[in-house]
Amino acid sequence: MRTYAEITSLAEAVADLVRDGDTVALEGFTHLIPVAAGQEIIRQRKRDLTLVRMTPDIVYDQLIGAGCARKLIFSWGGNPGVGSLHRFRAAVQNGELEIEEHSHAGMANRYVASASGLPFAVLRGYNGTSLPEHTDTIKPIRCPFTGEQLTAVPALDLDVGIIHAQRADRQGNVQLWGQTGVQKEAVLGAKRSIVTVEEIVDELDDRPYSVVLPRWVVTRVCAVPGGAKPSYAQDYYDRDNAAYRAWDAISRDRERFDAWLETL
Amino acid sequence: MTAYESDEMMSVEAARQLRDVTACFVGIGLPSTGANLARRTVNPDLVLVYEAGAIGAKPPRLPLSIGDGMLGETADYVAAVPEIFNYWVQPGRIEVGFLGAAQIDRYANINTTVVGAYDAPKVRLPGAGGAPEIAASCGEVIVIVRQSPRAFVEQVDFITSVGHGDGPGARERLGLRGKGPTKVITDLGILEPDPGTRELVLTHVHPGVSAARARAATGWDLKVAENLQTTDPPTEEELKALRELINA
């Protein structure tokens with residue numbers, strides 16, 4: 001069977017692929033964060049989601065504040081260089097959000113296990129920290145060859161992986177470059193995937209360090225220029241640091257946040 | 001001599017620690033300031049590694065975030081995030097990890113997760129990020145943190161990153177391969193683990209700072225080295241480079 005990624009609007013992709021109660025990862029490590037896709041999930045009032053992301057960032061602050069999330073699986077929840085994510089922080093401090101907390105190394109390995117089709121990954125990590133006391137997806141495991149005490153973390157059971165990329169072609173082959181985080185794993189490790197792109201082009205060109213996700217592993221491609229703002233898309237636009245700083249005051253105050261939500 | 005702030009002294013002293021280092025894993029905030037200053041002063045060849053993937057980043061100004069575009073664009077190589085942790089941090093390929101802390105205890109264990117109980121936090125902090133494995137596996141760790149009784153506590157509320165655990169032999173028992181924290185650089189001086197007890201001891205004060213002041217800014221009965229030394233004040237060149245970096 002010939003498989004191509006289907007090219008649709010973002011609204012259609014979210015409506016068709018994201019279901020209430022799903023486990024959804026929106027990835028992008030500072031770079032290429034799929035902000036527009038997150039806001040479309042808010043607009044469509046998806047509920048009870050288990051949200052997965054290494055660095056929750058302001059897009060998850062928005063999803064959490066809007067009431068889309070039941071649970072968060074993450075490894076660092078702050079507004080980088082600015083301070084807290086106040087909707088996230090309030091939800092945790094008020095006990096409104098279940099959390100499953102890891103380190104970056106643990107989360108990265110969970111994505112690798114998912115993309116590899118394995119039930120778990122092994123790393124040398126977490127030993128002596130308080131994380132295993134609070135997170136039941138961190139378990140000790142002994143190396144069968146050397147006897148070394150290591151740590152196992154399970155694959156992420158992702159229903160939908162969502163990323164933003166610079167480009168796709170008309171068959172739905174996706175290309176991204178620069179700092180590409182765990183985006184490859186977020187797509188390969190999920191049952192369904194949505195990739196928003198800056199532009200759809202006739203032919204992808206050669207780029208150093210570029211990651212190409214071939215059309216048969218991508219479910220939907222949506223042209224959403226500027227879809228990563230206020231994060232950045234290398235060779236398209238820079239990170240809007242002022243917007244990250246400005247978010248602090250909006251997120252801090254529930255009423256201001258609700259007013260922001262109305263404008264979405 | 002130019003007047004300077006205590007934070008400037010801290011960043012200058014942090015940078016000096018990297019004089020003979022090949023590669024340094026850089027946390028955001030104070031560690032990033034120190035590491036970038038080192039590249040502009042004592043060690044132009046220093047390889048800066050950031051957890052979003054940049055190896056050999058040469059940012060023209062201080063990044064706000066760990067994955068800013070200028071880090072990737074100026075890097076020798078950009079690795080995917082699983083590769084950064086699995087191929088570079090885990091095998092101990094990075095000589096020094098430069099970390100910050102919200103709380104640190106007498107054994108240099110670090111908390112960046114939560115103040116108060118985990119399930120009913122007084123303050124929810126961002127969490128672990130890359131720090132636990134950096135602290136476990138980098139050759140050694142240098143912590144940069146402002147000294148106050150709130151930050152320097154008898155016992156951390158949560159061990160996000162292991163320093164020297166509960167004392168002698170703890171790192172070996174846990175199978176942690178790096179040496180752990182070898183220095184804690186503060187705005188008041190330098191603390192180093194005692195070779196026997198592994199407890200942090202005040203070994204240096206910055207010019208004009210008394211040992212009594214450093215002890216008062218510490219939440220446990222901080223021991224002072226018999227041979228307490230005073231760090232050198234920032235040179236004109238160091239201050240100029242630091243101010244250019246911060247204002248760039």
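Helix axes are lines fitted to C-alpha atoms, for helices over the stretch in contact, and the angles between N-to-C directions run from 0 to 180 degrees. With that convention, helix α1 (residues 6-16) of chain B and helix α8 (residues 236-247) of chain B pack with their axes 10 Å apart and at an angle of about 105 degrees, where helices (H or I, at least four residues) and strands (E, at least two) are DSSP runs numbered from the N terminus. This is a predicted model, in which local features need pLDDT of at least 70 and side-chain atom pairs count only at pLDDT 80 or more, while totals for chains, interfaces and linings use all residues. Residues are numbered from 1 along each chain as its sequence is written, and chains are lettered from A and ligands numbered from 1 in the order in which they are written.

The angle between α1(B) and α8(B) makes the two helices roughly perpendicular; angles under 35 degrees count as roughly parallel, over 145 as roughly antiparallel, 65 to 115 as roughly perpendicular and the rest as oblique. On the α1(B) side the contact is made by B:E8, B:S11 and B:V12, and on the α8(B) side by B:E238, B:L239 and B:L242, two residues being in contact if their C-beta atoms, placed from the backbone, lie within 7 Å. By class this contact has three nonpolar, one polar and two charged residues, with Ala, Val, Leu, Ile, Met, Phe, Trp, Tyr, Cys and Pro counted as nonpolar, Asp, Glu, Lys and Arg as charged, and the others, Gly among them, as polar.

The axes of helix α8 (residues 241-252) of chain A and helix α9 (residues 254-262) of chain A come within 5 Å and cross at roughly 110 degrees, which makes α8(A) roughly perpendicular to α9(A). Here A:A249, A:I250 and A:S251 of α8(A) meet A:R256, A:F257 and A:W260 of α9(A), a contact with four nonpolar, one polar and one charged residues.

Taken as a whole, chain A has nine helices and 15 strands. Its radius of gyration, taken over C-alpha atoms, is 18 Å, close to the 18 Å that the globule rule (2.2 Å times the number of residues to the power 0.38) gives for 264 residues, so chain A is as compact as a globular protein of that length. The C-alpha trace of chain A spans about 55 × 50 × 30 Å along its principal axes. Buried residues make up 54% of the 264 residues in chain A; a residue is buried if 20 or more other C-beta atoms lie within 10 Å of its own, exposed if 12 or fewer, and partly exposed in between.

Helix α4 (residues 86-93) of chain A is mostly covered, with seven of its eight residues buried, namely A:H86, A:R87, A:F88, A:R89, A:A90, A:A91 and A:V92. The elements covering these buried residues include α3 (57-65), β6 (83-84), β7 (98-101), α8 and α9 of chain A, together with β9 (121-124) of chain B. Just after α4(A), A:G95 takes a positive phi of about 70 degrees.

Elsewhere in chain A, three strands form an open antiparallel sheet in the order β8-β10-β9, where strands pair if DSSP finds at least two bridges between them. The edge strands, each pairing on one side only, are β8 (120-123) and β9 (139-142) of chain A, and the twist averages 40 degrees from one strand to the next. β9(A) pairs with strand β10 (residues 149-154) of chain A over four bridges in the antiparallel sense, and A:R142 stands opposite A:Q149 in β10(A). Across β8 and β10 of chain A lies α5(A), running at about 140 degrees to β8(A).

Between the chains, 40 residues of chain B are in contact with 46 residues of chain A. On the side of chain B that touches chain A, α3 (69-73), α4 (81-89), β9 and α5 (131-137) of chain B each supply at least two residues, and the residues of that side divide into 22 nonpolar, 14 polar and four charged. In α4(B), seven of the nine residues are buried, and these buried residues pack against α5 (104-116) and α7 (183-188) of chain A as well as β1 (23-26), β2 (47-49) and α5 of chain B.

A:G181 is found in the loop between β12 (174-176) and α7 of chain A, and is buried, with 30 other C-beta atoms within 10 Å. Leaving aside residues up to four places away in sequence, A:G181 touches A:E27, A:G28, A:F29, A:H31, B:A52, B:A80 and B:V81.
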